[in-house]
Amino acid sequence: MFLLRFIGYLFGIGTVGLLVVAAGAWIAYNHVAADLPDYTALKNYEPPVMSRVHAADGELVAEYAHERRLFLPSQAIPQLLKNAFLSAEDKNFYEHTGIDPEGVARAAIVFVQNKLAGKRPQGASTITQQVAKNFLLTNEQSFERKMKEAILAIRIESTYSKEEILELYMNQIYMGIGAYGVAAASLLYFDKSVHELTIAEAAYLAALPKGPNNYHPFRHTDRAIERRNWVIGQMAVNGFITQEQAEKAKGDPLKVVQRPTGPHIFGADYFAEEVRRQLIERYGEKGLYEGGLSVRTSLDPRLQLVARKALTKGLMSFDMNAGWRGPVAKIALEGDWGPALAEQKGLADVPEWRLAVVLSAGDQEAQIGLQPARLVTGGVSTERERGIIPLDQMKWATRLAEGGKRNGIGKGAASVLAPGDVVYVEKVTGGPGDRPIWRLRQVPEVSGALVAMDPHTGRVLAVTGGFSFAESEFNRATQAWRQPGSSFKPFVYAAALDNGYTPSSLVLDGPIEIQPGPGQPVWRPENYSQKFYGPSTLRVGIEQSRNTMTVRLAKDMGMPLVVEYAKRFGIYDELGAYLPMSLGAGETTVLRLTSAYATIANGGRKVTASFIDRIQDRYGKTVFKHDKRVCEGCDAPKWANQEEPALVDEREQVLDPMTAYQITSIMEGVVLRGTATILSDLKRPIAGKTGTTNDEKDVWFVGFTPDLVTGVYIGYDKPRGLGRGQSGGHTAAPVVRDFFAEALKDTPAVPFRVPPGIRLIAVNRATGMRASPGDGATIMEAFKPGTAPPDTYSVIGYDAEQFDKARKVTPEQERGLQQGGLY
């Protein structure tokens with residue numbers, strides 16, 4: 001009886017205890033669950049996804065992200081990779097309901113063991129619990145947070161499918177080196193897609209979530225392999241791979257080939273940065289770095305390399321002629337010079353150049369040590385390369401630039417270089433024994449820009465904004481505002497041709513005085529040659545770049561008309577209606593001026609420069625398209641004998657097509673007879689115009705074929721004179737020549753298209769009047785309907801009674817026609 005009462009007593013106490021525990025648990029549950037985040041928000045979760053920029057041919061240009069992530073739906077993740085993660089993180093994932101009792105039991109035992117050993121406690125979160133923590137909770141280490149995690153995991157399991165949960169996890173998890181999610185990690189660690197991963201590679205990725213820094217492939221290689229092999233073993237235990245496959249995979253080396261994270265197309269840094277800037281203006285920083293945009297640009301990778309090579313060659317040629325300015329830095333040579341040299345920062349985007357330290361210098365050569373490589377661990381290679389710079393590979397440096405200092409140690413190489421000098425060198429060829437031959441280089445002080453674009457669409461095909469993006473990110477193609485000088489003149493002449501003048505209209509090339517206003521000094525413009533050549537045709541005015549003719553022409557038709565045309569072409573937003581502006585005194589950019597020339601090449605239809613062809617959002621929907629042409633009939637459901645679809649070009653016609661051809665024909669003469677004859681050896685139709693500003697501070701050339709327009713500017717970032725004799729024809733035009741020579745080498749020479757209505761009439765080159773039979777100084781000139789060569793000799797800027805030499809060319813005029821200017 002007593003025993004029964006005692007058992008009943010114990011049962012009562014146990015029941016009360018259970019009720020108390022249950023009540024406590026219920027109170028704790030309600031307390032914890034009271035402020036749980038809304039787990040249903042996961043349904044609309046859009047993770048931050050990197051944006052990717054591609055060239056016109058689909059080649060990757062750049063990637064932009066705060067968290068480097070490419071979202072993959074569960075069905076696009078290969079089963080091999082899923083199995084690797086399940087083996088590493090949650091082998092019972094498909095069986096449990098959010099919490100794994102077996103895992104909890106194991107974790108409890110490990111927890112007690114760690115506590116007794118003084119180690120940090122470790123949890124046993126399921127993948128679902130990790131989703132709850134990563135998406136909805138913090139990383140706080142507390143029992144309350146673990147309870148919230150467990151409750152949320154159970155609720156998530158009741159709402160979402162296993163595949164949805166796994167999809168969230170494998171796209172959100174941090175994998176190290178800036179990679180979030182398995183797709184980005186596969187690219188960044190192995191430079192391959194998830195479908196190309198081997199067992200060993202999939203296992204290594206699955207090993208990373210536990211602690212990416214602890215299993216770094218270079219800093220902790222042994223630990224990384226050990227963890228990877230454990231995952232491989234678990235995959236075999238769980239039946240995902242055979243034991244034979246596991247042993248083979250464990251024997252594989254850890255071949256991590258990190259994907260570059262900068263611009264992926266060599267030489268495209270300036271282009272990529274301009275695209276990045278435009279995308280931020282359009283979508284904001286968050287839209288670019290988290291929006292998952294897919295951007296197709298107009299970049300032509302081949303032309304980009306050609307553009308970089310041409311501009312680099314031009315800048316280096318000018319800079320070498322200017323002389324040597326001295327070493328990049330100086331370091332001590334005592335002991336091992338490698339670490340000190342390794343600390344010097346080189347130009348990452350000029351891989352053909354290397355930094356070197358001068359070890360010794362004599363009469364005929366300098367011995368150098370090359371900058372040692374950086375190891376993937378961050379250390380400096382112990383290998384020391386050496387070479388020589390013969391005197392003939394530094395001959396140009398014997399001319400000292402302004403501010404340069406001669407060593408004064410000896411003659412020959414020793415007069416240029418001294419031990420400890422850090423310099424740039426470029427490999428020439430192998431030398432005798434183990435001494436390769438290098439040539440001395442220096443970063444050009446002068447800078448410049450090149451823009452190449454399609455005149456029909458405005459698509460920018462290539463941009464080079466300076467010698468090196470690593471040295472200066474300032475993009476001279478889009479950000480440098482400079483005076484275009486005489487390269488603006490074609491738009492003055494185009495305004496004249498569009499308003500009643502003809503290519504054979506005569507303008508006086510002679511002294512002119514302009515009184516800007518009361519009390520202001522008189523302005524007396526001069527030609528570059530400081531000579532005057534008498535009455536000359538509009539064609540000659542452009543071909544020989546006559547300043548006084550341009551000023552007289554602008555004065556005759558009125559500067560407000562010139563201002564209007566400058567705005568039409570997009571060269572300037574605002575331009576003062578002052579006569580000096582007719583000579584290119586206003587400031588513009590290379591991109592704007594090149595776009596204006598593209599408008600002429602496009603028959604006078606407005607061209608808007610564009611770096612971006614199309615933008616798609618993360619779902620593949622097109623949200624921007626550069627081509628605004630309307631396609632009539634393109635949406636027909638089927639063929640019903642209707643007319644072919646037609647593209648309707650609604651862009652503004654800013655210049656009469658016949659005027660555009662007239663000015664194009666005149667600018668062809670600049671290449672054939674004028675100030676840019678250096679391009680004539682290309683043996684193809686090319687039109688263009690040179691430009692040189694006062695004191696030779698900036699030099700330009702913009703040239704075009706029927707299907708390609710290229711503009712080049714060269715000058716100092718802090719404007720100063722380039723030197724007497726430096727001009728658009730001498731300094732900038734050779735860069736365009738080099739670019740066209742390579743860019744167009746596989747294309748046929750196509751003549752400029754003559755619009756309907758134009759009549760070609762033979763005229764005397766000097767008088768502009770209709771040529772007589774047997775006249776040797778003739779040229780075929782383009783005339784619009786209703787116009788023709790003049791019958792009388794009329795000169796703009798001369799009174800008839802002051803000039804009675806009609807139909808006669810003076811010796812001075814003839815000499816002027818033959819000599820030409822230097823612009």
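These are my notebook entries on one predicted model.

**Ground rules.** I number residues from 1 along each chain as its sequence is written. In this predicted model I take local features at pLDDT of at least 70 and side-chain atom pairs at pLDDT 80 or more, while totals for chains, interfaces and linings use all residues, and side-chain values rest on heavy atoms, without hydrogens and water.

**Whole chain.** I looked up the secondary structure and found 21 helices and 25 strands (DSSP runs, H or I of at least four residues for helices, E of at least two for strands, numbered from the N terminus). Of the 823 residues, 52% are buried (under 20% relative accessible area, 1.4 Å probe, protein chains only). The accessible surface is about 38,100 Å², with 53% of that on carbon and sulfur atoms (Shrake-Rupley, 1.4 Å probe). Among contacts with a separation of 6 or more, 69% join residues 24 or more positions apart (contact: heavy atoms within 4.5 Å).

**Helices H7 and H8.** Next I checked H7 (residues 182-190) against H8 (residues 199-207): their axes come within 11 Å and cross at roughly 115° (lines fitted to C-alpha atoms over the stretch in contact, angles from 0 to 180 degrees between N-to-C directions). From H7, Val 182, Ala 185, Ser 186, Tyr 189 and Phe 190 take part, and H8 brings Glu 201, Tyr 204 and Leu 205.

**Gln 544.** My last stop was the loop between H15 (538-543) and H16 (547-557), where Gln 544 sits. Gln 544 is buried because its relative accessibility is 6%. Its side chain reaches the backbone oxygen of Arg 673 at 3.4 Å.

Definitions and conventions. Buried means under 20% relative accessible area, exposed over 50%, partly exposed in between (1.4 Å probe, protein chains only). A polar contact is a pair of N or O atoms within 3.5 Å; within protein, one must be able to donate a hydrogen and the other to accept it, and residues adjacent in sequence count only if both atoms are side-chain atoms.
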